[in-house]
Amino acid sequence: YTSLSSTHLPFQLFNCYFFTGNNKAAIQSSLLKSIRTISNTLPSFFCGDFNFITDPSDSSSPHPSLPPTSFLDEFTSFKEYFNISEAPHQDHTYFRLTQDSMSSHTSRLDRFYVPGFSLHSPLFDLSVSIFPHSSNYRPRSSNIRSSFSDHLPIFLSHHSDPSEESNRPSIPLWLALSPEFETTLRNKWR
């Protein structure tokens, strides 16, 4: 692993595409177990198409299909192993459009999982943006796909409020990213 520059700490980024189809939960569980063989000593970011929902509100389907409890337990272990949490967003990023509008639905399948410290940093805010793009699937009168994807692009950013930047202390990045620093800073600000 190498840093991006002398001011960046090393991290690992995983671009994920979770299998969908027959025996989906078993294959996805196997993938999670395989990924857990990778070292968790670096901050880890996971992004992509996870191809499952964890809550009925993640789908507009009248009968959303949740993964089996055994898979959700495996996914919880995976998140704990890498100390990651989902970067919050509620937008549905997948569109299953059919001739019969009653069987069409949307889902929140595309997500980011980020190191826990980045969700509660006193130095920056985390945000997820979803952008419509011309390459995305567009409904037509026929069932023929006319574009590249039935998913919307998803974008993760870390930013601070520009109006507050002049009031923010100048803290070296190596110190700011330390979990001990965050804890101490939060305790002192209480």
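**Reading helix 2**

Modeller: This is a predicted model.

Biologist: Which residues of helix 2 are buried?

Modeller: The buried ones are F71, E74, F75, F78 and F82. They lie on the same side of helix 2, because the arc they cover around the axis is only 100°. The general idea is that an α-helix has 3.6 residues a turn, so residues three or four places apart point the same way.

Biologist: Which exposed residues are on the face turned away from the buried side of helix 2?

Modeller: That face carries T69, S70 and E80.

Biologist: How far apart are the end C-alpha atoms of helix 2?

Modeller: They are 20 Å apart. Helix 2 has 14 residues (69–82), so at 1.5 Å a residue the span should be 20 Å, and the two agree. Just after helix 2, N83 has a positive phi of about 55°.

Biologist: How do I describe the packing of two helices?

Modeller: Two packed helices are described by the angle between their axes and the distance between the axes. Here the axes of helix 1 and helix 2 come within 10 Å and cross at roughly 20°. Helix 1 is therefore roughly parallel to helix 2. Their crossing is left-handed.

Biologist: Which residues of helix 1 meet helix 2?

Modeller: A25, Q28, S29, L32, K33 and I35 do, and their partners in helix 2 are F71, E74, F75, F78 and F82.

Technical notes. Residues numbered from 1 in each chain as written. Predicted model: local features only at pLDDT ≥ 70, side-chain atom pairs only at ≥ 80, totals over all residues. Heavy atoms only, no water. Helix = DSSP H or I, 4+ residues; strand = E, 2+ residues; numbered from the N terminus. Expected span 1.5 Å × (residues − 1). Buried < 20%, exposed > 50% of the residue type's maximum accessible area, 1.4 Å probe, protein only. Arc of directions from axis to C-beta. Axes fitted to C-alpha atoms, helices over the stretch in contact; angles between N-to-C directions. Parallel < 35°, antiparallel > 145°, perpendicular 65-115°, else oblique. Left-handed = near helix turned anticlockwise from the far one by under 90°. Contact = heavy atoms within 4.5 Å.
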